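Hello,

Here is the structure I promised to pass on. Please have a look at it first; my notes follow below.

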Amino acid sequence: MFKIAIVGLFLILVSSCGMAKHQIVALENGNINIKDNRKINVQCDTEGNLDGFRFNGSDQYVNLDTLSLETGDGLTLSLKIKTKSKEFQWVIGKYDWRTDAGYHLILIDGIASFNGRDKSGKYVRCEGRTFIADGKSHHLVSVWKGNKWALWVDGKLENQVETETLTPSIKNLQPLELGRSIIGHKGLHYYFEGTINQIKLYNKALSENQIKRLLN
């Protein structure tokens, strides 16, 4: 059973299964819009008493509808994942190639990549270096601000990409989805297999010190 609670500027989506609590925290200046028709089809990960969402890699995902955090002040995605799959996997994102705008945090051959479009007409790739499909927990932080894209893995800056877009924007009308790609190639969707937890979304670009504090 899922419940929604708004505390100040934070939205908390909580699922209870036994003693485990699963939550997504989003920070936004203004209204937080989660529609009642959102798709929530996840189950608890009871193995090891992990706190988080467990996805089977085939049909489980969380749809946060049109929750828009991609403002001109930036965007930060922070979460921990655990997977053994080396398949192409969608972790989280809000992406629309048709309007040349959006972002997604994905895994390619077990390596994280923060990719997207910022109205430049080109696909931005901010690829990591560390293999993380090892069944261990890894902390990923993706940061976008203006024409700069950055990816942190376990507290270390893995890559930073700067585009030449004069008026960059990643804002689009697609839903924000966790564990599944929104627009799949030839109608196919790409799912995540594993556990995602400690999910925090910010409508600003966090500093290096703020990112490192997230590890604690």
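**What I found**

The protein chain has 216 residues, and 51% of them count as buried. Please keep in mind that this is a predicted model. The chain holds one helix and 16 strands. Take the contacts between residues at least 6 apart in sequence: 61% of them join residues at least 24 apart.

**Aromatic pairs**

A pair of aromatic rings is described by the distance of the centres and the angle of the planes. Rings count as a pair if their centres lie within 6.5 Å. By this rule there are six aromatic pairs. Two of them are set out here, one after the other.

One is Phe55 with Phe192. The ring centres are 6.3 Å apart and the planes stand at 80 degrees, so this pair is edge-to-face; the cut-off for that class is over 60 degrees. Phe55 belongs to strand β5 (residues 53–56). Phe192 sits in the loop between β15 (177–178) and β16 (193–202). Phe55 and Phe192 are both buried.

Another is Phe114 with Trp149. Here the centres are 5.1 Å apart and the planes are at 50 degrees, so the pair is tilted. That angle falls between the limits for stacked (under 30) and edge-to-face (over 60). Phe114 is in strand β10 (residues 111–118), and Trp149 is in strand β13 (residues 148–153). They are 35 residues apart, and the pair links distant parts of the chain. Both Phe114 and Trp149 are buried.

There is also a cluster. Phe53, Phe55 and Phe192 make up one aromatic cluster.

**A charge over a ring**

Look at Tyr61 too. The charged end of Arg180 sits over the Tyr61 ring, 4.0 Å from its centre.

Is Ser85 buried or exposed? Its relative accessibility is 12%, so Ser85 counts as buried; the cut-off is under 20%. Ser85 is found in the loop between β7 (75–82) and β8 (89–96). What does Ser85 touch, leaving aside its neighbours within four places in sequence? Its contacts are Ala133 and Glu193.

Best wishes

Technical notes
Residues numbered from 1 in each chain as written. Predicted model: local features only at pLDDT ≥ 70, side-chain atom pairs only at ≥ 80, totals over all residues. Heavy atoms only, no water. Helix = DSSP H or I, 4+ residues; strand = E, 2+ residues; numbered from the N terminus. Buried < 20%, exposed > 50% of the residue type's maximum accessible area, 1.4 Å probe, protein only. Lys NZ or Arg CZ within 6 Å of the ring centre and 35° of its normal. Contact = heavy atoms within 4.5 Å.
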